[in-house]
Amino acid sequence: MATNIGMMDSAYFVGRSEILAWINSTLHLNLSKVEEACSGAVHCQLMDAVHPGMVPMHKVNFDAKNEYEMIQNYKVLQDIFNKLKITKHIEVSKLVKGRPLDNLELMQWMKRYCDSVNGGGLHNYNPVERREASKGGKEVGKKSMPQQSSTKGSTAAPRPPSSHARRNSNDVSSSVNPSNQSAKTSSKLSTSMAAYDEKITELKLSVDSLENERDFYFAKLRDIEILCQTPEIEDSPIVAAIKRILYATDGDASLVTEAQAMVSLHPKEAEALSPIAELSEEKASSETQKRKNILNIDVDAAGITILCPRQRLSDASDVHCSGSHLMTY
């Protein structure tokens, strides 16, 4: 008896159409989608089919529409699992929302389990009679009866004339097992929807990346624009050339050539804006000033040396004329 089934088990590779055909044939239902069994009532009756008398069918609600009503069905199912010591975790919050994948996985597990009990054989089990004790069970049985009666009527009907045999056979083949056709259609739709969702997510990520890149480069251009509006350099040819490129509305390739021509018309002003040129001029002026200072110091020193004897004679004559007592002859 399989209770713990791994995700790589062959049970989880059973298709929707096979699952639906198994449910409809076992319980005499007419489900077209697996998620129609999200209320949990079908799961309870499947357990009742393999374990007769174990499930209190009077507590099962086949007419459950709200989540709190569906949760009651799953409580009944969990009680059955506990009695049979089945360790199977049920994601009730996901199942009651009608998610196709979650409901399919649980149904795949149910089929694997039911097949492992007595070889999957059901002996003298009347699903319609057992549902009558449940709430909404009679309505579910009435919905499935027209399909069964039409099938019986078609087998008991007399053979049509040979002239219409081909047309009638086509009609019968198109009407046989509509659940399989709807299941295939729904599976194709779900697959295409998943592919579209993945593509939409990829496009959203791409748009976010492009917007971040756009904002980054726009901020850089705005910084350049603010720099070009500085009063000291606003009227320079380089700034005019930058603005010519910055404010261009078309993608003309000759813009760079025009900007270069605007700069070449005023090379001296362009050099004046260069920080290297400014540093070289400052360095040259400082060296020139140093040379002038050194030259002045040398000239002053030479003048003092030459003029020193005369200065001494002048000082001596002054002292002599003043009649100083320090002078003796």
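**Exercise 1.** Is M193 buried, partly exposed or exposed?

*Solution.* The model examined here is predicted.
Step 1. The residue M193 belongs to helix 9, which covers residues 178-228.
Step 2. Its relative accessible area is 48%. Buried means under 20% and exposed means over 50%, with partly exposed in between; M193 is therefore partly exposed.
Step 3. On the surface, M193 forms a nonpolar patch with Y196 and I200, and together they have about 340 Å² of accessible area.

**Exercise 2.** Determine what span helix 1 should have, and compare it with the model.

*Solution.* Step 1. Helix 1 comprises residues 16-27, that is, 12 residues.
Step 1. The expected span is 1.5 Å times one less than the number of residues, which gives 16 Å for helix 1.
Step 2. The end C-alpha atoms are 16 Å apart, so the model agrees with the expectation.
Step 3. After helix 1 comes H28, which has a positive phi near 55 degrees.

**Exercise 3.** State whether R16 is buried or exposed, and list its contacts beyond four places in sequence.

*Solution.* Step 1. R16 is located in helix 1.
Step 1. Because its relative accessibility is 17%, R16 counts as buried. The other buried residues of this helix include I19, W22 and I23.
Step 2. When residues up to four places away are not counted, R16 touches V34, E35, P100, L101, L104, S187 and S190.

**Exercise 4.** Describe the largest nonpolar core and the surroundings of M107.

*Solution.* Step 1. The largest nonpolar core has 45 residues, and M107 is among those with the most contacts inside it, as are I23, V42 and L46.
Step 1. Two or more residues of this core come from each of helix 1, helix 2 (41-50), helix 3 (67-83) and helix 5 (100-116).
Step 2. Neighbours within four places in sequence aside, M107 is in contact with residues including I19, W22, I23, V42 and L46.
Step 3. As a general point, nonpolar side chains tend to be buried together in soluble globular proteins.

**Exercise 5.** Explain which parts the salt bridge between K97 and E67 ties together.

*Solution.* Step 1. The closest N and O atoms of K97 and E67 are 3.8 Å apart; a salt bridge requires a distance within 4 Å.
Step 1. K97 lies in the loop between helix 4 (92-95) and helix 5, whereas E67 lies in helix 3, so the pair ties together parts 30 residues apart in sequence.
Step 2. K97 is exposed at 53% relative accessible area, while E67 is partly exposed at 40%.

Terms used. Residues are numbered from 1 along each chain as its sequence is written. This is a predicted model: local features need pLDDT of at least 70, side-chain atom pairs count only at pLDDT 80 or more; totals for chains, interfaces and linings use all residues. Side-chain values use heavy atoms; hydrogens and water are left out. Patches are made of residues with over 30% relative accessible area and no salt bridge: like charges are joined within 9 Å, nonpolar side chains (Val, Leu, Ile, Met, Phe, Trp, Tyr) within 5 Å. Accessible areas come from the Shrake-Rupley method with a 1.4 Å probe; for residues, only the protein chains shown count as cover. A salt bridge is a side-chain nitrogen of Lys or Arg within 4 Å of a carboxyl oxygen of Asp or Glu. Helices (H or I, at least four residues) and strands (E, at least two) are DSSP runs, numbered from the N terminus. Buried means under 20% relative accessible area, exposed over 50%, partly exposed in between (1.4 Å probe, protein chains only). A nonpolar core is a set of buried Ala, Val, Leu, Ile, Met, Phe, Trp, Tyr and Cys residues joined through side-chain atoms within 4.5 Å. Contact means heavy atoms within 4.5 Å.
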